[in-house]
Number of protein chains: 2
Amino acid sequence: MQQSVKVGLIGFGTVGSGTAKILLEQQQLLSARAQIPIELVAICDKDITSDRGFPVPPHLLTTNIEDIFNNPDISIVIELIGGLEPAKSFILEAVNRGKHVVTANKALLATYGPEIFGAAAENNVEIGFEASVGGGIPVIKSVKEGLVANNIHTVMGIMNGTANYILSRMTEEGLPFDQILKDAQAHGYAEADSTYDIEGIDTAHKLAILANLAFGASTTLNDVDIEGISRLSPIDMAFAKELGYHIKLLAIGRAVDDEIELRVHPTMVPVSHLLAQVDGAYNAFYFIGDSVGKVLLYGMGAGQMPTGSAVVGDVVDIARNIRMNAANRVPCLGRPFQDLAALKKRPMEALTGRYYFRFAAVDQPGVLARISGVLAEYSISIASVVQKGRGTEESVPIVMLTHEAREENVQKALGKIDNLDIVRDNTVVIRIEDLKSLEESA
Amino acid sequence: MQQSVKVGLIGFGTVGSGTAKILLEQQQLLSARAQIPIELVAICDKDITSDRGFPVPPHLLTTNIEDIFNNPDISIVIELIGGLEPAKSFILEAVNRGKHVVTANKALLATYGPEIFGAAAENNVEIGFEASVGGGIPVIKSVKEGLVANNIHTVMGIMNGTANYILSRMTEEGLPFDQILKDAQAHGYAEADSTYDIEGIDTAHKLAILANLAFGASTTLNDVDIEGISRLSPIDMAFAKELGYHIKLLAIGRAVDDEIELRVHPTMVPVSHLLAQVDGAYNAFYFIGDSVGKVLLYGMGAGQMPTGSAVVGDVVDIARNIRMNAANRVPCLGRPFQDLAALKKRPMEALTGRYYFRFAAVDQPGVLARISGVLAEYSISIASVVQKGRGTEESVPIVMLTHEAREENVQKALGKIDNLDIVRDNTVVIRIEDLKSLEESA
């Protein structure tokens, strides 16, 4: 039996600092709960001189990554530098040297997951990645362990705090997207480059990771259909409210027949549904299993300390396994790596549902007739139309709600409408999900 | 290494049947995920002839409990008969024979937890009790493992589905308590004897169990201050709504300075808070940790299949440990049994807060003066008073809201008021929790 568990940390930025703070300040608590001493012995970063706001023993700090790889006493390597490279090489290097890895790197796992989990399986080491999804909310552990008795049919959720913060403020304050984004950036609620957050990429990373666990199918970012929120306007929020919905950037993964549906897009959610009540920077993960029914997990999906909480949770989990000589007691993806099936993706075109369209059309007679003509051509039946005066000089917004329609037809119709000479911009599309049908089909 | 994990089930009622159904029908899935065959080999019940709605191999069924205890191949015993005895003896017998135990028995654990967990520690076997709290919601695992890096300061929640179902319907429909209870019983949403549910005992069981894990202090039912919901009336719901609150039967556990506050009572929760939005038979568990911040877990807190999901989750957890020869990899209570501290209970009298009172007073001049006189005597300052005509012949309801007051004074004042000759019944008390202060003090 090992006498202690020694940990090396790569990346001493925001989350790295939070993680180090917990490991150093709570060492006694963590060691007692793990029943084996857990010791942070090395921190590697390009910047080891800036003050992180808490005391760090100087001998832990290094700029030389080899100090971590070459230290045979280190059994867990924490990777918190983010991005694809050099993070990927660092993780594979650690794995190949027989070290367990804990990471918060969702982009990496959603892109190179199969390679990384495969290498870990070969070397019988663990990859802890609770922190990659939902910050400190124990999402990964719940799927792999707590809900292990279930066939999970549906994974849904609000998985990006920045996007949800912006949408919440747009709903409450009626201000434009750009203004709230800038304000959020100025106050540190959004990163300077928020592209991944607002365009749904970050949400899709998390959905891809969860799909591996929930559906047992090898899934990466490329398998997810993605639409972001940057084209939404206060008009859309106002209409949604009138109709009894909140607009959320929803991730939806569903097993339908033999296929898996995977999509991220702005969605109208009934205000009475718990997901509509998740406001601000909070996240919510919603699972439906055949035995457990609906389960929702809510909390801060990002941030220094919540994410640090998840990283350290994984460290303790692995330390408990090291103490018991039980590495990979639970396989990284909840089942043996070789049991993972190939994904049978349900194409986006197979969807049916109700839609909200906002057309940017010129203000002249006959416009409505031409647009609705195209919709009729593709059997898209209109439930209601509203044309409001608030437009630009160039165009006025025309809002339509459809009855149940086929996505395939919607895409074709919009392709045609957006090319009409009377239409000035691509149509804004928001899918309306009453969720009841999703919940019941599961 | 063991070749397979054999399981014996005691109790073939509602949850027992759900559990057996999952173990039999999902055997392949469970064994693949656990990486060791999991086999249900015996089911013991007084009634082994009734149809449970799914096929059960007859050779599994027995009425003789010794068939389980004496079978050396059985390494996990599931206890689902409920109640204190003979459940306690059965569990201790299994533990003493070196068998792991999985149970949903919250009453037993909240009463004899220290004895049972102590015996398990001595015999190095595990007690899985995820199913005792929150049905299929992975509450126990989240506290012991997912949030392991945290000092948890606050545990709150809606922990009883029957009570919440009744309160939700009273709020929505404005009907009296008795009528909804009867209707719920007629439709199987509430048990024939619902005393534990409506008087807060069941909620207190769960809070006591969670307090062990969250605060690391040995806690039983006796440590919890309990008030039920059976005296609430539609008037109370109507007033709450007007004030912007929903009434919930809330369990509240808090670490305050060196003491632990443990209470269950009807509580006014601001409608904007997620806990106020938890409706019907659903439960929600709300934790605040020093790193993770707020985390909420939501789902069905009871029922055949959700509870079965949790029981089987524990079976797989223990099977994974058996495969790895890693029994008690995570101690039952999240830390070694001997590390559990004695509880330093914060007395209910130490509370301060705002209160809703409904007095049942006779309809005559001077009544208000006498009641408010007593309140003044105990420095309880009144924020507002409403007297509405809807009363009985005997009395009219007088509703008061207080400013911040001390519980100790409230108890003394009400003791005096309820003995006044002008007062016909004990005063209904509902505590008003804005939750923000609870959340911020944590």
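Two strands pair if DSSP finds at least two bridges between them. Keep that in mind as we walk through this predicted model, where local features need pLDDT of at least 70, side-chain atom pairs count only at pLDDT 80 or more, and totals for chains, interfaces and linings use all residues. Residues are numbered from 1 along each chain as its sequence is written, while chains are lettered from A and ligands numbered from 1 in the order in which they are written.

**Stop 1: where the chains join**

You've picked strand β13 of chain A and β13(B), which pair in the antiparallel sense over 5 bridges. (Strands here are DSSP runs of E, at least two residues long, and helices are runs of H or I, at least four; both are numbered from the N terminus.) Now look for A:L296: its bridge partner in β13(B) is B:Y298.

Which residue of chain B comes closest to the rotation axis? Click on B:L297, whose C-alpha is 2.3 Å from that axis. Turning chain B by 180°, with 0.0 Å of shift along the axis, superposes it on chain A with an RMSD of 0.0 Å. That is how a two-fold axis relates copies. The superposition is by least squares on the C-alpha atoms of residues with pLDDT of at least 70 in both copies.

**Stop 2: one residue up close**

Stay in strand β13 of chain B and pick B:V295. Is it buried or exposed? B:V295 is buried, with 27 other C-beta atoms within 10 Å. (Buried takes 20 or more such atoms within 10 Å, exposed 12 or fewer, and partly exposed lies in between; C-beta atoms are placed from the backbone.)

Next, show what B:V295 touches. Leaving aside neighbours within four places in sequence, its contacts are A:G136, A:I137, A:Y298, A:G299, B:L147 and B:F287. Contact means that the C-beta atoms, placed from the backbone, lie within 7 Å. B:L147 is 148 residues away from B:V295 in sequence, but their C-alpha atoms are 9.5 Å apart in space.

**Stop 3: the whole interface**

Zoom out. Chain B and chain A each put 47 residues into the contact. On chain B's side, the elements giving two or more residues are α2 (27-34), α6 (139-146), β13 (293-300) and α12. The most come from α12(B), with 9 residues. Colour chain B's side by type and you get 23 nonpolar, 15 polar and 9 charged residues. (Nonpolar covers Ala, Val, Leu, Ile, Met, Phe, Trp, Tyr, Cys and Pro; charged covers Asp, Glu, Lys and Arg; the others, Gly among them, are polar.) The copies meet through the same surface, because 100% of chain B's interface residues are also interface residues in chain A.

**Stop 4: the sheet in chain B**

Switch to cartoon view and find the open sheet of 6 strands in chain B, with parallel pairing and the order β3-β2-β1-β4-β5-β6. β3 (61-62) and β6 (127-128) are at the edges with a single partner strand each, so one side of each has no neighbour in the sheet. Further in, β4 (residues 74-79) and β5 (residues 100-103) of chain B pair in the parallel sense over 4 bridges. B:I78 has B:V102 as its bridge partner in β5(B).

Finish by selecting residues 304-323 of chain B. This is helix α12, which packs on the sheet and touches β1 (5-10), β2 (38-44), β4, β5 and β6 of chain B. The direction of α12 makes about 160° with that of β4(B). (Axes are lines fitted to C-alpha atoms, for helices over the stretch in contact, and angles run from 0 to 180 degrees between N-to-C directions.)

Note on methods. Two residues are in contact if their C-beta atoms, placed from the backbone, lie within 7 Å.
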